[in-house]
Amino acid sequence: MAAPGAEDCGTTVDLRSDTVTRPTPQMYDRIASAPLGDDGLDGDPTALELESEAARLLGKEAALYVPSATMANLLAILAQAGRQEVVLAEAASHIYVTERGAAALTGSFYQPVDGVDGAMDLGLLAQALAPGRNKLRTGLVCLESSHNNAGGAVLPLSHMQAVFGAAKAAGASVHLDGARLMNAAVALGVPASGITAFADTVSLCLSKGLSAPMGAVLAGPAVTIQRARWHRKLLGGSQRQVGIAAAAGLVAITTMVGRLADDHANARRLAHGIGQLQGLSANLPQTNIVQVDVAASGHDAAWWEAELRKLGVLVRTWGRNRLRCVTHRHTGEPEIDTALKAFGIVAAQGGGVPPDECKTG
């Protein structure tokens, strides 16, 4: 006998990440007509246009187009923190948890600062910044907003201002990992430049909710971006007719920001529905990331991921007892309905969906 709801298993709802978004028709059109040049020689005109527009949007003097936000963060550190200097980052931030292996390249020492909801403790930050005998100098303080591991939490502007002031008083620069910066801007109801005012440099990913197929930008003072451009070449990040990709990024930052509010609304709807199910709880998302705690369900996250996959709903495990679901432009209200139905089926049956009843192709 088929499991309840198995007839709906042909539809795949992908909530693993907003990185699964595909280019829009307008992006494909812009790609087809983009003027191109050699970005490693005298410049690609479309990449230059993207960099100029990104700098304006982010309120900075200059910007640099790079293959990924991870590279953008690395370039920000290379350009602003010296070897044997300290890079401070909130303990659960992406730069510290996932990217600190880059210390092998930067020669900097990555030091975590504990925080709550992605906001580092200001008292602990002050201690870390304080000068001392035999203490390494802090070259850079890194913030993240929205904050991935904190369920898409957005840093309050007052907190960012306090961190910026403390860092500057200690002679350190500030970098903002803004992979999902536009989600934060929409959530706060402010322009992106209203957030980036409290950072010297900022990275912005174009291939998440903004739907470009690849790429990121790093923005900041012109002299810093020039150093970052040199480091990009050393890392093999210079590309030739890169305007083919930059064209999609131009469409992303000029047309895709406003619709992120839909993703936030769908995330809240998903979180509310999951929270009604026995054994499950979810954060109230500020942006587009829903973290689901399955500890009280009697099954771990890996079990839930496998059972939901059988029903055509793709999520990611985020630790032993947590799932992460990310909404994006391919997960509208019908897809959220399908996801909630799948969560309900798995929660009700306990034993899972019979493996032969539900194949997702």
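## Terms and basis

Helices (H or I, at least four residues) and strands (E, at least two) are DSSP runs, numbered from the N terminus. This is a predicted model, in which local features need pLDDT of at least 70 and side-chain atom pairs count only at pLDDT 80 or more, while totals for chains, interfaces and linings use all residues. Residues are numbered from 1 along each chain as its sequence is written, and side-chain values use heavy atoms, with hydrogens and water left out.

## Salt bridges

The structure holds 14 salt bridges, each being a side-chain nitrogen of Lys or Arg within 4 Å of a carboxyl oxygen of Asp or Glu. Three of them are described below.

## A pair within helix H13

Glu 305 and Arg 309 form a salt bridge, with N to O at 3.0 Å. Both belong to helix H13 (residues 301-310), where a spacing of four residues separates them by about one helical turn.

Glu 305 is buried at 16% relative accessible area, whereas Arg 309 is partly exposed at 36%. Here buried means under 20% relative accessible area, exposed over 50%, and partly exposed in between (1.4 Å probe, protein chains only).

Glu 51 and Arg 229 form a salt bridge whose closest N and O atoms are 3.3 Å apart. Glu 51 lies in helix H2 and Arg 229 in helix H10 (residues 222-234), so this pair ties together parts 178 residues apart in sequence. Glu 51 is buried at 5% relative accessibility; Arg 229 is partly exposed at 25%.

A salt bridge also joins the side chains of Glu 49 and Arg 30 (3.3 Å, N to O). This pair links distant parts of the chain, with Glu 49 in helix H2 (residues 45-58) and Arg 30 in helix H1 (residues 25-33), 19 residues apart.
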